[in-house]
Amino acid sequence: MAKTGGGSNKLLWLMAILVVVSLSAAGATLYIMMGNGEHHASQAQTVPERRAPIFVKIDPFTVNLADDIYGSRLLYTGISLKVGDHETRDILREHMPQVRSRLLLLFSGQQASELSQPDGKVQLAEKVMATLHEPMTEHQPDLDIEAVLFTEFIVQ
């Protein structure tokens, strides 16, 4: 009987060791999972908040384009400017008559054949940005214009 008792003691010790190892593994897994959860939560807090875009709408224009082989042509276009800050928006709104005048002069010198092409519209947007980056008054801070968006565009 003593021999059978020794085998069950070994089995009992083996089961106790397996339970301890299993509990240790489960505890380590929980610790890692809880630690990663805290790490992800701290990362979520450092992600910048979504910033709403700022747009400046410019009323639509109807402009006579430069004459070409087809004679007089018209451009009807609406524009919105995407700006990077409220100061730029305020400056553009305060100087809107100047903004519109500059754009009318720019548009009236364009050729209808160039504006009918997609590349012509991209180049026109670049020219609009360059035209508006010129200061409208002394001591004006640089304008943060991010994009020129054509909301309406008809060449006739």
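**Contact between helices H2 and H3**

In the predicted model, Leu92, Arg93 and Glu94 of helix H2 meet Met96, Pro97 and Val99 of helix H3. Sorted by class, this contact holds four nonpolar residues and two charged ones.

H2 covers residues 86–94, and H3 covers residues 96–108. Their axes come within 5 Å. The crossing angle is roughly 75 degrees. Angles of 65 to 115 degrees count as roughly perpendicular, and H2 and H3 are therefore roughly perpendicular to each other.

Histidine 95 lies in the loop between H2 and H3. Its relative accessibility is 17%. The cut-off for a buried residue is under 20%, so histidine 95 counts as buried. Neighbours within four places in sequence aside, histidine 95 is in contact with Met136 and Thr137.

The protein chain as a whole contains five helices and three strands. Read from the N terminus, its elements follow the order α-β-β-α-α-α-α-β. The chain has 156 residues, of which 26% count as buried.

Methods. Residues numbered from 1 in each chain as written. Predicted model: local features only at pLDDT ≥ 70, side-chain atom pairs only at ≥ 80, totals over all residues. Heavy atoms only, no water. Axes fitted to C-alpha atoms, helices over the stretch in contact; angles between N-to-C directions. Helix = DSSP H or I, 4+ residues; strand = E, 2+ residues; numbered from the N terminus. Parallel < 35°, antiparallel > 145°, perpendicular 65-115°, else oblique. Contact = heavy atoms within 4.5 Å. Nonpolar A, V, L, I, M, F, W, Y, C, P; charged D, E, K, R; others polar. Buried < 20%, exposed > 50% of the residue type's maximum accessible area, 1.4 Å probe, protein only.
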